[in-house]
Amino acid sequence: MRLLSVGPAGAEEPFALIDDAGADGPLSPEAVVVPLRPLAARHGIRIEKLSDVLEPLADLARWLAEPQVRDEGERLGDRRIGAPIPVPRLVVGVGMNYPAHAAGLDTRAGDPVLFLKPPTAVCGPYDDIVRPPETTALDHEVELGIVIGTAAHRVPAEHALTHVAGFVVADDVSARDIALGAGLAHPLSLQLTRAKGFPTFCPLGPWLLTADETPQPADLLLELSVNGAVRQRARAGEMITGIAELVAFVSAGIPLEPGDIILTGSPPGCGFEQDPPVFLLPGDVVEAGVTGLGRMRTRVIDEPDPSRREQPTINPRSAT
């Protein structure tokens, strides 16, 4: 199943995508979706958001298989597509989880490095990425996002995947200059939460692909381009710590709930790794995709001057 949230920011509603109209980029207005609220209500269940149906996914699959459901489909039209989980309770990031991205550090000898991104950083797959005035080193990081489906606390790796609802494309947008803080002279000088936590610094989407349709997640191909030039390309199987092991490790210290998201780390090719480094500028278009999970297309803009009271563009399917 491909599940998505559609509607204005802050008022998204859950849908299932049943026909993408052959889209190879941003979803076409001709794509066909089925609203999940009335479908669940018909079966005596009240839902408000997509995370409400992640635990009974088997039930949802049966409902969507009913013969009349396709007749209830509607065109997507020009409605905005939000993040599949618009306001996750928890976004856990994993640092340096691809060998080349770890810059020679012996990460295999230690535990995964975790950090948190605030829910306010999450935005839709076609929304603008807003560069705040505090940074001149805005960078991209395409990642495979794990969406938790059932509560998980101290789950062993061999059972971890049973707690996964599905997967989503993510971009762990980062302000590299802020991340370094005052430098590396002090162990507490890194500012990862601030550097990765500004609004729009976590585009997600366009849809959540359920785990039953992703039998071999290690084979998923991640790719990101800036203005049409490919910067990052790798398979999920190249990760140092795999998907099941990450869920087990994170849940050992942080109890996970349905709708929580784990960002699994980024492959090499980020802007700071270019020679010379190349950071995102206003007008740049970032496209990020993962096999079967669709593609995001986000445009970089500068944060508007608050004195002008302008707002970032919320574009349903921005192509420029």
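Isoleucine 261 is buried, with a relative accessible area of 2%; buried here means under 20%, exposed means over 50%, and partly exposed is whatever falls in between, using a 1.4 Å probe and protein chains only. You'll find isoleucine 261 in strand S18. Strands (E, at least two residues) and helices (H or I, at least four) are DSSP runs, numbered from the N terminus. Keep in mind that this is a predicted model, where local features need pLDDT of at least 70, side-chain atom pairs count only at pLDDT 80 or more, and totals for chains, interfaces and linings use all residues. Residues are numbered from 1 along each chain as its sequence is written, and side-chain values use heavy atoms, with hydrogens and water left out.

What does isoleucine 261 touch? Leaving aside residues up to four places away in sequence, its contacts (heavy atoms within 4.5 Å) are Ile85, Pro88, Leu90, Val91, Val92, Ile146, Val147 and Leu204.

In S18, isoleucine 261 is the bridge partner of valine 91. Strand S6 (residues 91-95) and S18 (residues 261-263) run parallel, joined by three bridges; two strands count as paired if DSSP finds at least two bridges between them. S6 is also joined to strand S7 (residues 113-117), this time antiparallel and by five bridges, with glycine 93 partnered by phenylalanine 115.

Which way do the residues of S6 point? Val91, Gly93 and Gly95 go one way, Val92 and Val94 go the other, and all are buried.

Next, hop over to helix H2 (residues 57-64). Its buried residues are Leu57, Leu60, Trp63 and Leu64. Why do they sit on the same side of H2? Because they cover an arc of only 115° around the axis, taking the directions from the helix axis to the C-beta atoms. The face turned away from that buried side carries the exposed residues Ala58 and Arg62. The buried residues of H2 pack against several elements, including strand S1 (2-6), helix H1 (36-42) and strand S12 (164-171).

What about the cysteines? With a disulfide taken as a pair of cysteine sulfur atoms within 2.5 Å, the count is zero. Cysteine 123 is in no disulfide, and the nearest cysteine sulfur, that of cysteine 202, is 7.6 Å away. Cysteine 123 is buried at a relative accessible area of 7%, and cysteine 202 is buried at 0%.

Finally, look for the open sheet of five strands, in the order S9-S20-S19-S16-S17, with mixed pairing. Strand S9 (129-131) and strand S17 (229-235) stand at the edges with a single partner strand each, so one side of each has no neighbour in the sheet. Inside the sheet, S16 (residues 221-226) and S19 (residues 285-290) pair in the antiparallel sense over five bridges, and valine 226 stands opposite valine 286 in S19.
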